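Subject: Structure handover

Hello,

Here is the structure I promised to pass on. Please open it first, then read the notes below.

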Amino acid sequence: AIRRSSWFWKYDLQVNNTLVTAENINQEIEKSGITGSVGLLSIDVDGNDYWLWQKITSIDPRVVCIEYNSGIGSEQSWTIPYNPDFERFEAHPSGFFAGASLKALESLGKNKGYRLVGCDDTGTNAFFLKNDLGMPVIPTLSVKEAFKPHLNWLGRGFSEVEQYEIMASMPYEKV
């Protein structure tokens with residue numbers, strides 16, 4: 001078995017423990033020494049995912065993996081209002097008030113030069129490619145084609161309709 005500490009030496013890993021906000025995201029990335037083109041950017045902060053991706057300019061990822069809130073469904077273009085101190089369980093005890101819809105992320109991706117190419121089967125993560133990559137081998141998908149319901153919430157007894165009703169009662173922002 002590989003000890004975790006050996007990963008840092010073998011792969012030259014670096015860990016930065018900081019609260020990332022839309023105001024500091026580029027400075028935090030630059031402090032790590034990463035600039036320019038990168039292979040993969042993964043964003044999963046259970047809240048301000050949309051706002052962080054919107055602000056990132058210090059790197060140019062080829063692939064973006066970003067968490068979406070599938071409880072919102074595929075029709076709405078919603079995200080939480082930006083709050084640098086956002087914590088989803090403080091925002092609502094269910095933790096459902098968080099993140100952004102797939103449609104909101106698709107629109108943001110288009111504005112940043114990306115196309116939606118899929119979502120994982122759990123209804124958690126969406127994948128975007130730079131517009132000039134993978135054509136025509138990897139097709140661009142519409143939100144309706146890519147969308148998957150949240151399996152964890154379905155497993156906890158919340159139908160897609162019930163999830164949407166909960167989300168629609170919360171103060172999401174249309175984008």
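Start with histidine 150. Leaving aside neighbours within four places in sequence, histidine 150 is in contact with Ser70, Thr122, Gly123, Thr124 and Gln163 (contact means heavy atoms within 4.5 Å). Histidine 150 sits in the loop between helix 6 (143-146) and helix 7 (151-155). Histidine 150 is buried, with a relative accessible area of 12%. Here buried means under 20% relative accessible area, exposed over 50%, and partly exposed in between, with a 1.4 Å probe and protein chains only. Helices (H or I, at least four residues) and strands (E, at least two) are DSSP runs, numbered from the N terminus.

A word on the source. This is a predicted model, in which local features need pLDDT of at least 70, side-chain atom pairs count only at pLDDT 80 or more, and totals for chains, interfaces and linings use all residues. Residues are numbered from 1 along each chain as its sequence is written, and side-chain values use heavy atoms, with hydrogens and water left out.

Two strands pair if DSSP finds at least two bridges between them.

Which residues of helix 5 are buried? They are Leu102, Ala104, Leu105, Glu106, Leu108 and Gly109. These buried residues pack against helix 3 (49-55), strand 2, strand 3 (78-79), strand 4, strand 5 and helix 6. Just after helix 5 comes glycine 113, with a positive phi of about 90°.

Strand 5

Strand 5 (residues 125-130) is mostly covered, with five of its six residues buried. Strand 2 (residues 59-67) runs antiparallel to strand 5, and five bridges join them. Valine 63 has leucine 129 as its bridge partner in strand 5. Isoleucine 66 has alanine 126. Strand 4 (residues 114-119) is also antiparallel to strand 5, again with five bridges. There, cysteine 119 stands opposite alanine 126. Strand 4 and strand 5 form a hairpin with five residues between them. Glycine 123, in the turn, has a positive phi of about 75°. Glycine 123 is also among the contacts of histidine 150.

Leucine 129 belongs to strand 5. Leucine 129 is buried, at a relative accessible area of 10%. Beyond neighbours within four places in sequence, leucine 129 is in contact with Arg62, Val63, Gly113, Tyr114, Arg115, Val117 and Ile138. Threonine 18 is 111 residues from leucine 129 along the chain, and their C-alpha atoms are separated by 27 Å.

The largest pocket

How much space lies in the largest pocket? About 680 Å³. A pocket is an open set of points on a 1 Å grid over the protein atoms alone, where a 1.4 Å probe fits, with protein on both sides within 12 Å along at least five of seven lines; lining residues have an atom within 4 Å of a point. A volume is the space filled by probe spheres set on the points. The lining has 23 residues, and Asn16, Glu28, Ile29, Ser32 and Ile34 lie nearest the centre. Helix 2 (25-31) and strand 1 (36-43) are the elements that give two or more residues to the lining. Strand 1 gives the most, with five.

Backbone details

Two loops deserve a look. The peptide bond from methionine 135 to proline 136 is cis, with omega near -10°. Proline 136 lies in the loop between strand 5 and helix 6. Aspartate 46 has a phi near 55°, a positive value in a residue other than glycine. Aspartate 46 lies in the loop between strand 1 and helix 3. Aspartate 46 is partly exposed, with a relative accessible area of 30%. Most residues other than glycine have a negative phi, and most peptide bonds are trans.

Best wishes
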